[in-house]
Amino acid sequence: MLAKTRMRFSLDLNSSTPLSVYTIVDTLPIEPFIGVGIKRINSHQNHAGIVYREDGGEAQFLDLRWHHQLHQGIAKNGYAFVLLNIHQLRIPAIVGYCRLLWEENENGCIPYGFKLPNECFDSTTAKWLLGNSGLGLTCATFILAVLHAQRITIAKLDDWPERDADNVWRQSIISALRDNNAQKQANYLESENSGVRFRPEEVAGSAASTIYPANFQTAISLGGKILNIFDDMP
Amino acid sequence: MAFSGLLPSQYDQNTYTALFSDETDISCGIPEATINSNCVQVPDYNIALNNKVSEDSKEAENKFFRWSGIVEALTPIGSTFSDESPIHTNTLSFMKGLYEIFESPWLQNLYSLSNENYPEAINLLYKRFDGLLSKEKFNSCDSLLNQVNINNLKPEVFIALLAITFAAKSKLPSRSAKVTDIRNKLAVAGENADEILVGLE
């Protein structure tokens, strides 16, 4: 168990408005909020989701865990949480959208894939285009896509570079899909042999930025600082 | 109140099909409405409509004009339409009647929830508008958007209204006026409208 003093970490962002990272759910604000929670799976893989609280409710966690595995439940310890730097009056609309998404997709119809977060909605109806099209999201791009649908852009998408290491990761995902009897989705993803990857820690870092949309370097820097917190966790 | 309506006998089957195509958007924004060969059915109601718009109603500067379609017959359940049935010949009163039957209770519920439990109001709002937009019922969506009185809503709820309708803004003529109203209301309340509405206009 972390000591009380370690439940909330202040990051030096070279800003007059220091942001906080919460590591204990009970220390999250009582008033409505929306943010990003991230946890370390292993040295090569992290996982992120959306943490939020409705007026008077318990903190909830909505995350895309894997192919057709959207999940929502009460937020639990083990994550580092950063809250979005947006006006308080915008929060209930985003929280309500999270609830709508969960209610409409709790049967797990959101596939795992490598699409950009701004390519997942019909430009007119805002309808999710994922369906059986082969499109899909990662845990990180799911967060960006939900926020994008609510007109909150935390990351400067065109600032992200393609990286060689991401192709290795992409192949591991395709293999894992094949191992889990998701051949069709694996085949589709294999046809997309390149692209930009938004890593979970970079999305958390973007969320922690004082200025939106965060550029790549800011996201990397803040994401790294957030991950360092796990070094101090038991 | 419960109503049923059958199409006037002068329309043949082909006319019914034409009248009830998706293009005519005859469900009047009622997401539960289903259409069969000769009438529109909604829970507890059957309504017969056609898509003619009278010159009278065109001239009437009335918010109800946005309804697509004119009620041709609206008679109590248990009776059937005939030329002798008590037909509401005033189109505008039909529109008002439909509004009162279908939209007013929904809006009143929205306004009440907004005051008592605004997350539930947002939930109600999202489901209704998401249902209309997903079916590309832009006329119905715009009608409903036009009816919403933002003065009866908490800021959290009318901001959600802008969020859920943003993607279709080019198809919703009423939205720009609603944005202006909301911006003015926030400014009067001393809020930073620019910050709150970023990305939503």
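The model is predicted.

**Overall make-up**

Chain A has six helices and seven strands. Its order is simple to read: from the N terminus on, the elements run β-β-β-β-β-β-β-α-α-α-α-α-α. Chain B has eight helices and six strands. Here the order from the N terminus is β-α-β-β-β-α-β-β-α-α-α-α-α-α. The table sets out like values for the two chains.

| Chain | Residues | Buried residues | Contacts joining residues at least 24 apart, among those at least 6 apart in sequence |
|---|---|---|---|
| A | 234 residues | 42% | 63% |
| B | 201 residues | 37% | 64% |

**Confidence in chain A**

The mean pLDDT of chain A is 86. A value of 70 or more is reached by 85% of its residues. Among the elements of this chain, helix H5 (residues 200–208) has the highest mean pLDDT, 97. Strand S1 (residues 8–11) has the lowest, 50. Residues 1–6 of chain A have pLDDT below 50, and this stretch has five contacts beyond near neighbours in sequence. Residues 11–17 of chain A also stay under 50. For them the model has 11 contacts beyond four places in sequence.

**The nonpolar core**

In soluble globular proteins, nonpolar side chains tend to be buried together. The largest nonpolar core here has 88 residues. Those with the most contacts inside this core are Val36(A), Ile143(A), Val146(A), Val203(A), Leu125(B) and Ala160(B). Helix H2 (residues 139–149) of chain A gives the most to the core, with nine residues.

What does Val146(A) contact, leaving aside its neighbours within four places in sequence? Its partners are Ile50(A), Tyr97(A), Cys98(A) and Leu101(A).

**Where the chains meet**

In the model, 20 residues of chain A are in contact with 23 residues of chain B. On the chain A side, the touching residues divide into eight nonpolar, six polar and six charged.

**Helix H4 of chain B**

Helix H4 of chain B covers residues 118–134, 17 residues in total. At 1.5 Å a residue the helix should span 24 Å. Its end C-alpha atoms are 23 Å apart, which agrees.

Buried residues of H4(B) include Tyr118(B), Ala121(B), Ile122(B), Leu125(B), Phe129(B) and Leu132(B). Leu125(B) is also among the residues with the most contacts inside the largest core. Seen down the axis, the buried residues of H4(B) fall within an arc of 155°, so they line one face of the helix. An α-helix has 3.6 residues a turn, so residues three or four places apart point the same way.

**Backbone features in loops**

Asn181(A) counts as exposed, because it has 10 C-beta neighbours inside 10 Å.

Chain A also holds a cis peptide bond, which joins Tyr212(A) and Pro213(A). Omega is about -5°. Pro213(A) lies in the loop between H5 and helix H6 (216–232) of chain A. Helix H5 of chain A is the element with the highest mean pLDDT in that chain.

Note on methods:
Residues numbered from 1 in each chain as written. Chains lettered and ligands numbered in written order. Predicted model: local features only at pLDDT ≥ 70, side-chain atom pairs only at ≥ 80, totals over all residues. Core = buried A, V, L, I, M, F, W, Y, C linked by C-beta atoms within 7 Å. Buried ≥ 20, exposed ≤ 12 C-beta atoms within 10 Å, placed from the backbone. Helix = DSSP H or I, 4+ residues; strand = E, 2+ residues; numbered from the N terminus. Contact = placed C-beta atoms within 7 Å. Nonpolar A, V, L, I, M, F, W, Y, C, P; charged D, E, K, R; others polar. pLDDT = per-residue confidence, 0-100. Expected span 1.5 Å × (residues − 1). Arc of directions from axis to C-beta.
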